[in-house]
Amino acid sequence: LPSARHALNDVLRSKIASVYCLRALALASSIADCLGLEWALEDGEEFFKLLFYRTSVETRMVLDGKCVDELFERDKEASMLYSLLEHYVTFLVTLENQPKTLLGAETICQIHSGLKDCLTDVLAFLSDVDTSGSRDENMKRSLVSMSVRLLGSWIAEETLALQKPVISLIPFLVELGTKSLIEIRFLLPGLCHLSADDKARKRLVESECLSWLVSFFCDASQNQEN
């Protein structure tokens with residue numbers, strides 16, 4: 001792993017074409033899937049910061065200014081980047097439980113801000129799907145599911161940042177949840193937190209979220225019995 005980390009550090013610091021950067025990030029994502037992000041901190045926070053910076057930049061390059069159909073053509077790249085971003089969300093959430101961390105307060109703030117920027121683009125993509133011409137078909141695409149998963153991990157812990165666009169998207173998110181139990185699992189913790197806000201709670205009730213929850217728990221109970 002030290003040799004892989006050092007090689008990735010050299011690649012990500014160099015001025016290379018996006019396609020090669022994405023390949024390096026795909027390797028980093030595979031390692032993070034197996035080991036978490038702790039391996040990226042073993043030599044200090046510099047590589048950890050670099051990995052996040054290149055991930056966030058590439059995510060915004062993939063998402064920014066693209067129409068829905070263009071993004072679906074790059075769903076594998078976007079999903080890989082989402083996976084890395086989700087690792088960063090999870091790491092920050094569990095930071096206080098880490099016995100030792102080399103992250104400074106400034107680095108934590110920078111990563112939080114970068115995640116917020118990326119999630120802004122993810123919300124814009126989901127909003128575009130909601131208003132797209134092939135809406136029902138587009139809702140079934142894997143990139144939509146991955147976007148919901150990343151958004152769910154964010155709003156489960158951070159309910160104030162991006163609250164307004166998230167609330168406006170609640171009807172679409174609830175509709176997605178009625179079509180897939182997977183989306184419900186991703187969204188439920190965050191939506192429970194949001195329900196403490198009057199506007200969000202009103203939006204949830206108007207979107208028939210209560211019926212949605214009843215169906216979810218009934219299905220979950222039946223699956224346990226089987």
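Residues are numbered from 1 along each chain as its sequence is written, and side-chain values use heavy atoms, with hydrogens and water left out. Since the model is predicted, local features need pLDDT of at least 70 and side-chain atom pairs count only at pLDDT 80 or more, while totals for chains, interfaces and linings use all residues.

A nonpolar core is a set of buried Ala, Val, Leu, Ile, Met, Phe, Trp, Tyr and Cys residues joined through side-chain atoms within 4.5 Å; buried means under 20% relative accessible area, exposed over 50%, and partly exposed in between (1.4 Å probe, protein chains only). The largest such core holds 74 residues, and those with the most contacts inside it are Trp39, Phe48, Leu51, Leu115, Phe125 and Leu126. Helix H5 (residues 75–93) gives this core its largest share, 10 residues. Helices here are DSSP runs (H or I, at least four residues), as are strands (E, at least two), and both are numbered from the N terminus. Contact means heavy atoms within 4.5 Å. With neighbours within four places in sequence set aside, Leu51 touches Leu12, Leu25, Ala28, Leu37, Trp39, Ala40, Leu84 and Tyr88.

Helix H5 also packs against another helix. Two packed helices are described by the angle between their axes and the distance between the axes. Axes are lines fitted to C-alpha atoms, for helices over the stretch in contact, and angles run from 0 to 180 degrees between N-to-C directions. The axes of H2 (residues 18–35) and H5 come within 9 Å and cross at roughly 45°. H2 and H5 are therefore oblique to each other (angles under 35 degrees count as roughly parallel, over 145 as roughly antiparallel, 65 to 115 as roughly perpendicular and the rest as oblique). Among the residues that meet are Leu25, Ala28 and Ala32 in H2 and Leu81, Leu84 and His87 in H5.

Charged residues come next. Side chains of opposite charge can pair when their charged atoms come close. A salt bridge is a side-chain nitrogen of Lys or Arg within 4 Å of a carboxyl oxygen of Asp or Glu, and by this rule the count comes to 14. One of them joins Glu45 to Lys49, with the closest N and O atoms 3.8 Å apart. Both residues lie in helix H3 (residues 45–63), 4 residues apart, which is about one turn of the helix. Glu45 is buried at 18% relative accessibility, whereas Lys49 is partly exposed at 25%. Arg74 pairs with Glu77 at 2.6 Å; Arg74 is partly exposed at 26%, and Glu77 is partly exposed at 28%.

Arg135 and Glu175 form another salt bridge (2.6 Å, N to O). Arg135 lies in helix H7 (residues 135–138) and Glu175 in helix H10 (residues 170–179), so the pair ties together parts that are 40 residues apart in sequence. Arg135 is buried at 19%, while Glu175 is partly exposed at 26%. A network of salt bridges links Asp130, Arg135, Asp136 and Glu175.

Glu86 sits in helix H5 and is buried at 17% relative accessibility. Beyond its neighbours within four places in sequence, Glu86 is in contact with Arg149, Leu150 and Ser153. Leu162, in the loop between helix H8 (142–155) and helix H9 (163–168), has a positive phi of about 65° although it is not a glycine. Leu162 is buried, with a relative accessible area of 12%.
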